[in-house]
Amino acid sequence: MIDEIRRHYERYPYPRYPLLASVRPCDTYALNLDALYARFNGTLPTSAARRILLAGCGSFSPYPTSLANPGVPITALDLSRANLRRARLHTLLHGRFGIGWERGDLLDPAVAAGEYGFIDCFGVLHHLADPLAGLRALERRLAPGGILRIMVYSKGARRGAESVRKALRLLGVKDLPTVKRLLRRADRDSRLGSYLQSAPELSFDSGIADAFLHPRARTYRIDELMALVGETSLQPLFFAHHGTLPDVRAEVERLRRAEREGDSEPNFVLYLGRGTAGGCGLAADASLMLNPALRFCVKRLRIARDVIPPRLGRPNPPLGFAQKRFLRRFLRPVRVSELSPAERERALAFLDLLILVSFRG
């Protein structure tokens, strides 16, 4: 089956963004290693943990990850040469370097060996024959205190796609031209038509192929996902899908209710940690700094109002002149003890959103 999946991505590199498509540095703030590590360990990463692994990098993610982490060694791992080739070309066109490229299976311990402070495995585990083996393979690669981000399909979010996949299997349809022809015939006012209009990835061939022709796609209920994580020593840190609650237990319960009541659900995005020591918040002996990925948008000459996309599932406040002026103070680390009570209260909101980062040392 793994060869079948490899062939799928050799034929349909995913995602298929235009090579000149760019992102702003501030769009990548949730991928910054220093910010993530410090939030859950209270220190900046050790030299041994200053490495990033993209486990199933696809054709795009090395570019925004390298933009978020200039100077940090990144390993981009994928089964598909076509994905790696396109991802490499995209990074070169945008002047991003310092990335190591590896083709292979994340279950192979000889591939992407070593320990990493941050591993991103977005949209991969649900394609594996044994997701638990995949999760354990990632766990073994995490440095102590390391952070892992995963995304897996939820049953609710994939209900439309799975209905189409089932119908195509029953019809014996396995080729993209036939799938596209059938989809074009869907009534725009039907349930299928509404689903097709609401899924932007279906606007390009590789998106259609990934949604409907992938050799394997598993979906999860929230309890199934938490049971999977519970088979490892990884700690659930926070969910980051749209509309999430900041507390993990509260979000799990909210998702359970949504499943029982048939409400719409997102695909699950979850950050996990390996032996994280806990953050230091606004402790008097801590320092605060701006998330490095946000430096450009608060520079003195930029007076325009910026809106940072909610990559952690909760809305970010618009950054106008006053907010940027406050945040510019933290371009270099500032001791919490030097802040007034009002400044600490103001900083706390930005700390919760990963805009500011707290650390000792």
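A: Counting disulfides, each a pair of cysteine sulfur atoms within 2.5 Å, gives zero. Cysteine 57 is in no disulfide, and the nearest cysteine sulfur, which belongs to cysteine 121, is 11 Å away. Cysteine 57 is buried because its relative accessibility is 4%, where buried means under 20% relative accessible area, exposed means over 50% and partly exposed lies in between, with a 1.4 Å probe and protein chains only. Cysteine 280, with a relative accessible area of 9%, is buried as well.

These values come from a predicted model, in which local features need pLDDT of at least 70 and side-chain atom pairs count only at pLDDT 80 or more, while totals for chains, interfaces and linings use all residues. Residues are numbered from 1 along each chain as its sequence is written, and side-chain values use heavy atoms, with hydrogens and water left out.

Leucine 135 belongs to helix α5 (residues 131–141); helices (H or I, at least four residues) and strands (E, at least two) are DSSP runs numbered from the N terminus. Leucine 135 counts as buried, at 0% relative accessibility. Setting aside neighbours within four places in sequence, its contacts (heavy atoms within 4.5 Å) are Leu125, Leu148, Ile150, Leu228, Val229, Thr232, Leu234 and Leu272. Between the C-alpha atoms of leucine 135 and glutamate 231 there are 9.3 Å, although 96 residues separate the two along the chain.

Threonine 219 is found in the loop between α9 (205–212) and α10 (222–230). With a relative accessible area of 16%, threonine 219 is buried. Residues up to four places away in sequence not counted, threonine 219 touches Tyr153, Ser154, Lys155, Arg158, Glu162 and Glu224. With lysine 155, threonine 219 forms a side-chain polar contact of 3.2 Å; such a contact is a pair of N or O atoms within 3.5 Å, where within protein one must be able to donate a hydrogen and the other to accept it, and residues adjacent in sequence count only if both atoms are side-chain atoms.

By class, the second largest pocket is lined by six nonpolar, three polar and six charged residues; Ala, Val, Leu, Ile, Met, Phe, Trp, Tyr, Cys and Pro count as nonpolar, Asp, Glu, Lys and Arg as charged, and the others, Gly among them, as polar.
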